[in-house]
Amino acid sequence: MIELRGIERIFEVGDQQVHALDHVDLKIEAGEYLSIMGPSGSGKSTLLHILGLLDRPSAGHYLLHDHDITALSDEQLAATRRNEIGFVFQFFHLVPRLSARENIELPLVLAGMSSAKRKPRVDAILDATGMMDRAHHRPEQLSGGQRQRVAIARATIMQPALLLADEPTGNLDSTSGSEIVEVLEQLNNKGITLIVVTHDHELGKRAQRRIRMVDGKIAEDHRHEPVA
Amino acid sequence: MIITDVLRYTFTTLKGFRMRSALMLLAMAIGVAAVVVLTSLGEGAQRYVSAEFASLGTHLIVVLPGRSETSGGAPNMLVGSTPRDLTLDDALALTRNSSVQRVAPIAIGTSNISWQGREREVPILGSNSELLELRHWKMNKGRFLPNQKIDNATPVVVLGSKVRNELFGAQAAIGEWLRIGDRRFRVIGVMATEGRSIGIDVEEVVIIPTASAMSLFNNTSLYRILVEGKSREAIPRIQRFVINTLRERHQGEEDITVVTQDSVLATFDRIFQALTLTVAGIAAISLAVAGVLIMNVMLVSVAHRTAEIGLLKAVGASSRQVMVLFMTEAAMLSLLGSAIGLIIGWSSSLLINSLYPGFDAVTPLWAVVAAMGVSLSTGLLFGVMPARRAARLDPVQALSSR
């Protein structure tokens, strides 16, 4: 589903050039569960941003569904992000003024869907995540785990093929953290491609495919049997 | 994105930052209210002066004897000539035009007036029955001069209210005979109108038929002839008619001066228009200041909501959509602000009107349109820069700030 060919990402820091990604080649099949680990500054976040189309590579090609998306316009990139990719962040990134329901329907709103069409979809996902009775609460009225559930609901409301999670449990206690991991893995079981960037070895080891990054390069790429 | 969703999203933003929104609305409202109130005052002053002139007679032409301008070249100017009298027959001749509504010949003088030993010196106005309507005067008691042939010197008199009070006190004046100069006149009416008109205090004046006045003062010439047209549009036509008729009657010599209210009014109109525009310009500066304020606050808002912008981009908003959202916010602030300003401005105008009756502060439509237009365009203009800054934010960096 995803193919990266010779991806480089160079940042200018002062008069120095920093190779955040140094010639990365990576192939990801649909439905894979993949973890990216590595020390700080190894380029794992940059890789995630490029996979999520938030950042453009300095060189190389990115093929999504066999289409080269490095040449797309801002408008087309936004549409691709909206339809194909969901993000889950460490700090949830919910809009504080909006209720849980409004946060979840944000991608649908941006896609220009009418509120009559939005309602059943949001209802279904609120029901599935058990957040129906919290639908009108604002983020500050929700616990961390509930916020991340809302964020996951928002990331998946467009039924994307790819779900990118950046330290999804980094800001949660262990109980709600493992609940969130369960939610993510259930989504993966239903066919969504799940990529998790984390420092947490326990979390990283749950993935069938584990990538370790060092200095902007892929140092290890192992496939394992699913955890029982 | 559907327009209603854009508006709803913007609305939650405005609601989310209450203090900020309130201050911006206040700034815009003050600017618009200033424009509305100041132009209303200017317009009110203009109307006030126009109304004062209209009370002199709206479609009025004043004919006076003698030429106040010199037009070079005419041979008789070299010989020199005294102006011919403006006679009652001249006045009569001016009635013979379909566009002329009324003609009032005016003779003027001062004389003693006495009744039962009380005596006073008063200005005497000689005119005809048309004068009442022509001046928009009102009667208090009795009736005005009778409608009669123009050279009929009937011994009747109409008194101004002050003259009547000083001569008769509490006693009834109508029907009494009094003495003006060496003649006797019967009182047939008392004026109700107060204040000044054509340089005469109506309360103090005594009105008698023109022919009576001319024989009383032994005048051969009228002081003025007032000609009222049927409409304002007819005035230039009547002006030509007056000049031609009187030239013919005066052996081809143009020895009269014709003054129209229009020319005076036009001058005042211009002066007040300039005044209103100046005041509106000053008020517009406050609108511009409000615009700068909006820019400032929007920039802070963009900086404040960096993470939100990054999130919007991550969930699929294009740069254009982010731009639209921020522009909508600026536009909404300035529209709401100017709506509030209009309400404040209008109610202040109404307040001024109720405090100063007679002064009619009316907000001109152009000022409303201009104020709304300027506030919206400053809002948008000063909203562009912050909105573009928001649209160009790098989502990766935007998301890393929290």
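This is a predicted model: local features need pLDDT of at least 70, side-chain atom pairs count only at pLDDT 80 or more; totals for chains, interfaces and linings use all residues.
Colleague: Happy to dig in! In which order do the strands of the 6-strand open sheet of chain A run?
Modeller: The pairing in this sheet is mixed. Strand S6 (85–88) and strand S10 (217–223) of chain A stand at the edges with a single partner strand each, so one side of each has no neighbour in the sheet. From one strand to the next the twist averages 15 degrees. Read across, the order is S6-S7-S8-S3-S9-S10.

Colleague: At about what angle does helix H1 of chain A run to S7(A)?
Modeller: Helix H1 covers residues 44–51 and lies across S3, S6, strand S7 (162–166), S8 and strand S9 (209–214) of chain A. Its angle to S7(A) is about 150 degrees.

Colleague: And to S1(A), at about what angle does H1(A) run?
Modeller: The strands in question belong to an open sheet of 4 strands in chain A, ordered S2-S1-S4-S5 with antiparallel pairing. Its edge strands are S2 (16–28) and S5 (67–68), each pairing on one side only. H1(A) lies across S1, S2 and S4 of chain A, and its angle to S1(A) is about 120 degrees.

Colleague: Is Leu53(A), with its positive phi, buried or exposed?
Modeller: Leu53(A) is in the loop between H1 and S4 of chain A, and its phi is near 65 degrees, a positive value in a residue other than glycine. The cut-off for burial is under 20% relative accessible area. Leu53(A) has 4%, so the answer is buried.

Colleague: What relative accessibility does His65(A) have?
Modeller: His65(A) is in the loop between S4 and S5 of chain A. Its phi is positive, about 50 degrees, although it is not a glycine. It counts as partly exposed, at 36%.

Colleague: Which residue of S12(B) is the bridge partner of Pro65(B)?
Modeller: In strand S1 (residues 60–65) of chain B, 5 of the 6 residues are buried, so the strand is largely enclosed by the rest of the structure. S1(B) pairs in the antiparallel sense with strand S11 (residues 224–229) of chain B over 4 bridges, where Val62(B) partners Leu226(B). S1(B) also pairs in the antiparallel sense with strand S12 (residues 256–260) of chain B, over 5 bridges. In S12(B), the partner of Pro65(B) is Ile256(B).

Colleague: Within what arc do the buried residues of H6(B) fall?
Modeller: Helix H6 (residues 161–168) of chain B has Ser161(B), Val163(B), Arg164(B), Leu167(B) and Phe168(B) as its buried residues. They line one face of the helix, because seen down its axis they fall within an arc of 160 degrees.

Colleague: Just after H6(B), which residue takes a positive phi?
Modeller: What covers the buried residues of H6(B) includes strands S2 (100–115), S3 (118–127) and S5 (156–159) of chain B. Just past the helix, phi is positive at about 60 degrees, and the residue is Gly169(B).

Colleague: Last one: about how much area is buried between chain B and chain A?
Modeller: The contact involves 29 residues of chain B and 24 residues of chain A. In chain B, Leu311(B), Val315(B) and Val396(B) lose the most area to chain A, together 22% of what that side buries. Carbon and sulfur atoms give 63% of the buried area, which is about 2300 Å².

Key
Residues are numbered from 1 along each chain as its sequence is written. Chains are lettered from A and ligands numbered from 1 in the order in which they are written. Side-chain values use heavy atoms; hydrogens and water are left out. Buried means under 20% relative accessible area, exposed over 50%, partly exposed in between (1.4 Å probe, protein chains only). Helices (H or I, at least four residues) and strands (E, at least two) are DSSP runs, numbered from the N terminus. Two strands pair if DSSP finds at least two bridges between them. Axes are lines fitted to C-alpha atoms, for helices over the stretch in contact, and angles run from 0 to 180 degrees between N-to-C directions. Contact means heavy atoms within 4.5 Å. The arc is that of the directions from the helix axis to the C-beta atoms. Buried area is the accessible area (1.4 Å probe) that two parts lose on being put together, summed over both.
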